[in-house]
Amino acid sequence: MNEINMRTEYEFLQRWCLCAVDGSSSVLWFKRNLMDAAFRYLFLSVFVLILLSGCASTQAFKDGNALLAEGKTEQGLAKLEEAVKLDPKNIEYRIALASRRASVINRLIVSGESARREGHLSDAEKLYRQVQSLDSENVMARQGLDALSKARRHQLVLTDSESLLKKGTLPDLIEALEKLRPVFSENPGHKAALHLKARIEEQRAKLIRSETKLASVFRKPISLEFRDAPLKSVIEVIAKVSGLNFFYDKDIRPDLKATIFAKNTTIEDAMRLLLVTNQLEQKILNENSILIYPSTPQKLKDYQTLAVRSFYLTNADVKAVSNSIKTIVKSKDIVIDERLGIIIIRDTPEAIRMAERIVSLQDLSDPEVMLEVEIMEIKRSRLLELGIQWPSQLTLSPLQIGGVPLLLDDLKNITQATTQATIGSVVINARKENQNGNILANPRIRVRNKEKAKIQIGDRVPIITTTSTSTGFVSESVNYIDVGLKLEVEPNIYLDEEVAIKINLEVSNLVREVLSKSGTLSYQIGTRGANTVLRLKDGETQILAGLISDEDRTSSNKVPGLGDLPIAGRLFGGQKDDAQRSEILLSITPRIVRSIQRPDMLEAEFESGTESSIGTQTLRLGTIEPEASENQSVTSSNGALSNKVITPPIETRGNDNNTMPRNASSLTPGVDPGAIPHSVGSTGAVILAWQAPGQVRVGEQFSAVIRVNSAQALRGLPVMLGFDPQVLQVVSVQEGDFFKQNNGQSSFSQRVDPIQGKVFAALVRQTTNAHDTGINGTGNLVSVNFKAIRAGSSTRIQLLSASPEPILSSPISLPIEQLIRVVP
């Protein structure tokens, strides 16, 4: 090669030397050869470069695959990118780079999602960042990072709510629930938040009180006794005692009066009771200020704050949920967007919270079930063909001579020599065939609750239909008929982990082809089917069988007479026996993938306010145990009897327009408690006590008497008693003899509430002259006849309220309780 190049160069130089002598022709030859040499060197350089780049790209591709196999993702993808840059037209390299990169990204995304769900937020962030280093525009990675930011924010909210839960007070629990609301709005299925909410609700149920946002002074205990006092005077007394600020709307009537007798209740409960009974409402301005206004439609529009809330539904139907909100919450300002599944509501905060509970109860994911189906078709066929098939006919025909057509006159000359005889062949049959076949299908299909699922295994047979018109135009159309196995199932999942399945099974097969006179081909199709509805437990297997097709066919070909002989008949005929049997077995097993979760009672049952005020708090009057003051003891001649006198820290009394705070006094010495053998309540001037048996049997009637010992003259004493209606039943209520002393007359009225377990009794002594100030002494006030209806632990009968008239200088310590044990 080198010698050839040297020779070529020598010739080139020789020609160059001659060009100076020969003239223009040599110059042209020199230019042409010079250009050829340049192109040759250029082509050789490009070829070498291409060869080197091809080798480099191949090596980079191999190195990239090796690095990916070793788990070095970034280095391996970088090598594959280098191979694509070196050889951009190589389709294999480009496809390998795209597929490997997509595979790595998908694996990182799945790992990141798994780490995020398990709570490993730092690991998930590293994985998402790694995805962004491979594909900066990856949408899944960006969404994952956004979800991490939201999860960290939710974690901070959960931490704050957990600290509020540890405090344990009702306002802290309410604030903790308020903090959790944005979490459930963004992620209704947050497991940690759901668990924390359940704990908060459980703690809140133990400390259930009226919801408030005022200072702690609003929950201090107070005792109020007013009769026909101006409402503003009562509120002014409460303001002086509690330090609260009250503002009045200009339309509040100045002649409103209030009558209230409340012992040891909270200022909040007393205020709500006063306002509701006078058709008033309140609006909390700050931690110690309240605005009071009339409860009229116009004032409610002026003062009630409205809020707008958007609910994003993921499972429930938007129209169904909106109808539920309209029916229960009575909200009128509702807008729905079926495309996005959004409900926008404008109402009071109480109504919106009630709508939130309704949405959480309805917006649940549909249950799903995995159906494991096994279909088996067993086919058996038996064929036996044995015997001799003799010719069934003999054909005689005259022979044509010389190809001349046969005439009728030629029939007279027919002889054995001019007649052709044709006879069939003799066939000996000895054949036996046995066929066994099993067709097995084992599909698994996942279906939602109350949705149909269809499984079809078989063929689609074409049916050609020919249509001709009066003009002679002929057209053909093809329709298809499904032949084979067709199974339709519709599950219905119940709360008790059971599944009702509606099954429709159909098995069809081609029996034979039918050819019409016009040449149209059709088919005869045989079908077997079964429809049923069954109910199975999760994981229970049910087998459906009995779809059997059994055919026995026998055909024979015999010589008449001879073929019917007992033994030799087989020599003069043949017989074919064909037996076919098929059976279909269906086995179905449901496995619940996602079941219906029954909500707990705290979610399924909640207070909804009143008919006129949806979502407002329940009107209740709570009792707070007052702080103990002095412990006084009363001693009788029969022994010592200890009695604690408990007074509330705030007590307010009033009569007509006069209001003044007073403190409780101690027991008045000198009162004989000898007639009081049981639980005692005393003011010093009046002592009340129960007199009842300590143990009774189920079905037994007994009397419980309230005994009174009063050193002060009394004109009346209304009382309220309490009992457990599940254990005791009131038979009768009778007046005692206390107000009938000295042949006096009295007025007595009573009412029994068997549902709440309350007895109301009012006793008033009727005075005959103005100088009659009442009666004192000892006697029976009220006698209640009970019947024990249920055995159990000790039950209590209580004296809940007692309002002596005239009003005493110090209140009676209530409640007064008596324990009674009910035995079988």
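Modeller: Let us begin with a pair of helices, where helices (H or I, at least four residues) and strands (E, at least two) are DSSP runs numbered from the N terminus. The axes of helix 9 (residues 231-242) and helix 10 (residues 267-277) come within 12 Å and cross at roughly 165°. Axes here are lines fitted to C-alpha atoms, for helices over the stretch in contact, and angles run from 0 to 180 degrees between N-to-C directions.

Colleague: Before we go on, what should I know about the origin of the model and its numbering?

Modeller: This is a predicted model, in which local features need pLDDT of at least 70 and side-chain atom pairs count only at pLDDT 80 or more, while totals for chains, interfaces and linings use all residues. Residues are numbered from 1 along each chain as its sequence is written, and side-chain values use heavy atoms, with hydrogens and water left out.

Colleague: How do I put the angle between helix 9 and helix 10 into words, and which residues meet there?

Modeller: Angles under 35 degrees count as roughly parallel, over 145 as roughly antiparallel, 65 to 115 as roughly perpendicular and the rest as oblique. Helix 9 and helix 10 are therefore roughly antiparallel to each other. For the residues, contact means heavy atoms within 4.5 Å; on that basis Leu231, Val234, Ile235, Ile238 and Ser242 of helix 9 meet Ile267, Met271 and Leu274 of helix 10.

Colleague: Which strands does helix 9 lie across?

Modeller: Helix 9 lies across strand 2, strand 4 and strand 5, and runs at about 155° to strand 2. Helix 10 also packs on the sheet, touching strand 2, strand 4 and strand 5, with its direction at about 140° to that of strand 4.

Colleague: How is that sheet put together, and what is the order of its strands?

Modeller: Two strands pair if DSSP finds at least two bridges between them. Here 3 strands form an open sheet in the order 2-5-4, with mixed pairing. Strand 2 (245-248) and strand 4 (280-286) stand at the edges, each with a single partner strand, so one side of each is left without a neighbour in the sheet. Neighbouring strands of this sheet are turned by 25° against each other on average, direction ignored. Strand 4 pairs with strand 5 (residues 289-294) in the antiparallel sense over 6 bridges, and asparagine 286 stands opposite serine 289 in strand 5.

Colleague: Are valine 461 and serine 468 buried or exposed?

Modeller: Buried means under 20% relative accessible area, exposed over 50%, and partly exposed in between (1.4 Å probe, protein chains only). Valine 461, found in strand 14, is buried, with a relative accessible area of 9%. Leaving aside neighbours within four places in sequence, valine 461 is in contact with Asn479, Tyr480, Ile481, Val483, Leu510 and Tyr523. The C-alpha atoms of valine 461 and isoleucine 481 are separated by 5.2 Å, although these residues are 20 apart along the chain. Serine 468, also placed in strand 14, counts as exposed at 53% relative accessibility; not counting residues up to four places away in sequence, serine 468 touches Phe473 and Val474.

Colleague: Where can I look for a hairpin, and which residue in its turn has a positive phi?

Modeller: Strand 7 (residues 333-337) and strand 8 (residues 342-347) pair in the antiparallel sense over 5 bridges, with isoleucine 336 opposite isoleucine 343. They form a hairpin with 4 residues between them, and glycine 341 in the turn has a positive phi of about 70°. Another hairpin, with 4 residues between its strands, is made by strand 30 and strand 31, where glycine 757 in the turn has a positive phi of about 75°.

Colleague: How many helices and strands does the protein have, and what share of its residues is buried?

Modeller: There are 14 helices and 34 strands, and buried residues make up 34% of the 824 residues.
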